[in-house]
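Here are my notes on this one, jotted down as numbered points. Have the sequence and the model open while you read.

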Amino acid sequence: MIKINITPRQMEMFIGRMLRVGVFTACAIAIMGGILYIVQKGGTQIDFAEFTSAMAVESIGDVIRGVAALDAISVIQLSLLILIATPIMRVVVSVVAFAIEKDYLYVFITLIVLIINVFNIFNG
């Protein structure tokens with residue numbers, strides 16, 4: 001059996017770093033998307049008499065294809081997906097950390113939180 005020696009402090013530090021990296025990555029991608037948007041559509045005249053929303057995300061695959069095509073809206077949507085995924089990853093890592101510590105009550109509670117979060121993401 002494999003024994004993993006990770007202290008609670010090390011896990012807290014890892015989770016903190018993961019959250020910072022996720023937020024900074026999302027911000028950097030959003031800034032790049034904003035610059036790309038200005039380059040692509042900076043000269044477009046805006047009609048404030050009529051509201052038109054940006055394209056909604058149909059699927060993650062559509063976002064990836066849009067990013068590959070350097071579509072500014074898709075790049076910005078990717079940053080939002082990363083920003084949404086960051087706290088979800090924190091919950092996933094917490095489940096693993098509690099399982100390593102053999103704290104099964106908290107594994108159960110954290111899994112319920114994860115299920116609720118995922119359900120709300122996909123069902124509004």
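1. A cut-off to start with: a residue is buried under 20% relative accessible area, exposed over 50%, and partly exposed in between. D62, at 33% relative accessibility, therefore goes down as partly exposed. Keep in mind throughout that this is a predicted model.

2. On confidence, the protein chain has a mean pLDDT of 89, with 93% of its residues at 70 or more. Which helix has the highest confidence, and which the lowest? Helix α1 (residues 8-41) is highest at 94, while helix α2 (residues 60-68) is lowest, at a mean of 92.

3. Now the charged pairs. I'd look at both, as the structure holds two salt bridges.

4. E12 and R9 are in helix α1 and three residues apart, which means about one helical turn separates them. R9 comes out as exposed because its relative accessibility is 53%.

5. How many aromatic pairs does the structure hold? There is one aromatic pair. F98 and Y106 make it up: their ring centres are 5.4 Å apart and their planes are at 35°, so the pair is tilted. Planes under 30 degrees apart would count as stacked and over 60 as edge-to-face. As for accessibility, F98 is partly exposed at 22%, and Y106 is partly exposed too, at 41%.

6. Last, have a look at T86, which lies in helix α3 (residues 72-100). Why does T86 count as buried? Its relative accessibility is 7%, and the cut-off for buried is under 20%. What is T86 in contact with, once neighbours within four places in sequence are left aside? The list is M18, L19, G22 and V23.

Key. Residues numbered from 1 in each chain as written. Predicted model: local features only at pLDDT ≥ 70, side-chain atom pairs only at ≥ 80, totals over all residues. Heavy atoms only, no water. Phe/Tyr/Trp six-rings, centres within 6.5 Å; stacked < 30°, edge-to-face > 60°. Buried < 20%, exposed > 50% of the residue type's maximum accessible area, 1.4 Å probe, protein only. pLDDT = per-residue confidence, 0-100. Helix = DSSP H or I, 4+ residues; strand = E, 2+ residues; numbered from the N terminus. Contact = heavy atoms within 4.5 Å. Salt bridge = Lys/Arg side-chain N within 4 Å of Asp/Glu carboxyl O.
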